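Visitor: I'd like to learn how to read side-chain features in a protein model. Could you walk me through a few?

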Amino acid sequence: MESTTATKNPVLIYTEQTPNPESLKFVTNKMLYAGTADFRTRELADEYSPLAAALFDLPYVKSVYICNNFVTLTKELNYAWEDLMIRTKDFIKKVLSEFQQLSVFIIWIFSFSNLVSESFAIAFPLYNSARIFAEPLKSRFLFLINKFIS
């Protein structure tokens, strides 16, 4: 019998300089957005992009530009990238990892609900056990939905 284990792909990030010394490009190994999105205000980010909205939580972020597998941040003038770069890379990794965990959980929920709906009589004991197990995950899921998607 062959066992398959899902492996989590870590989020990798490196930085590149831009012609603008106030901007820094953070390149990831994940597709962030198929296209380009330029967010100059917090309000636009809140409406259209959970990633951009999360980045605007950082006090030094002036604007966010997302394209394919990278995000370029423009900072406020009174900050230095030397002080911010590692902290910002860690923040982006954390946010992208949470998105990745959220998507895995959503897939699990949909898979489980399909199993239950297709054979409810057989799955009923499993359903009750999984419901008790999933309750803490459900509250984390709702927290992430409220924070990043709404």
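Visitor: What lies over the face of F70, and how far from the ring centre?
Guide: A charge counts as sitting over a ring if NZ of Lys or CZ of Arg is within 6 Å of the ring centre and within 35 degrees of the ring normal. Here K25 lies over the face of F70, 4.2 Å from the ring centre. Keep in mind that this is a predicted model, where local features need pLDDT of at least 70 and side-chain atom pairs count only at pLDDT 80 or more, while totals for chains, interfaces and linings use all residues. Residues are numbered from 1 along each chain as its sequence is written, and side-chain values use heavy atoms, with hydrogens and water left out.

Visitor: Is F70 buried or exposed?
Guide: Buried means under 20% relative accessible area, exposed means over 50%, and partly exposed is in between (1.4 Å probe, protein chains only). F70 has a relative accessible area of 14%, so F70 is buried.

Visitor: Now for ring pairs. How many aromatic pairs are there?
Guide: A pair of aromatic rings is described by the distance of the centres and the angle of the planes. Rings of Phe, Tyr and Trp (its six-membered ring) pair if their centres lie within 6.5 Å; planes under 30 degrees apart are stacked, over 60 edge-to-face, and the rest tilted. The count by this rule is three aromatic pairs. One of them joins F26 and W81: the centres are 6.1 Å apart and the planes at 65 degrees, so this pair is edge-to-face.

Visitor: Where do F26 and W81 lie?
Guide: Helices (H or I, at least four residues) and strands (E, at least two) are DSSP runs, numbered from the N terminus. F26 is in strand 2 (residues 23-28) and W81 in helix 3 (residues 81-118), so the pair ties together parts 55 residues apart in sequence. Both F26 and W81 are buried.

Visitor: And which kind of pair do Y65 and F70 form?
Guide: A tilted one, with 6.2 Å from centre to centre and 40 degrees between the planes of Y65 and F70. Y65 has 30% relative accessibility, so Y65 counts as partly exposed.

Visitor: Let's move on to charges. How many salt bridges are there?
Guide: A salt bridge is a side-chain nitrogen of Lys or Arg within 4 Å of a carboxyl oxygen of Asp or Glu. That rule gives five salt bridges. Among them is the one between D38 and R40, whose closest N and O atoms are 3.1 Å apart. D38 is partly exposed at 38% relative accessibility, whereas R40, at 60%, is exposed.

Visitor: Which residues are linked with R42 in a network of salt bridges?
Guide: D46 and D57 are linked with R42 in that network. The D46 and R42 side chains meet at 2.9 Å, N to O. Both lie in helix 1 (residues 42-48), four residues apart, which is about one turn of the helix. For D57 and R42, the N to O distance is 2.8 Å. This pair links distant parts of the chain, 15 residues apart: D57 is in the loop between helix 2 and strand 4 (61-68), and R42 is in helix 1.

Visitor: Which residues is A53 in contact with, leaving aside neighbours within four places in sequence?
Guide: Contact means heavy atoms within 4.5 Å. With those neighbours left aside, A53 is in contact with R42, A45 and D46. A53 belongs to helix 2 (residues 50-55), and is buried with a relative accessible area of 11%.
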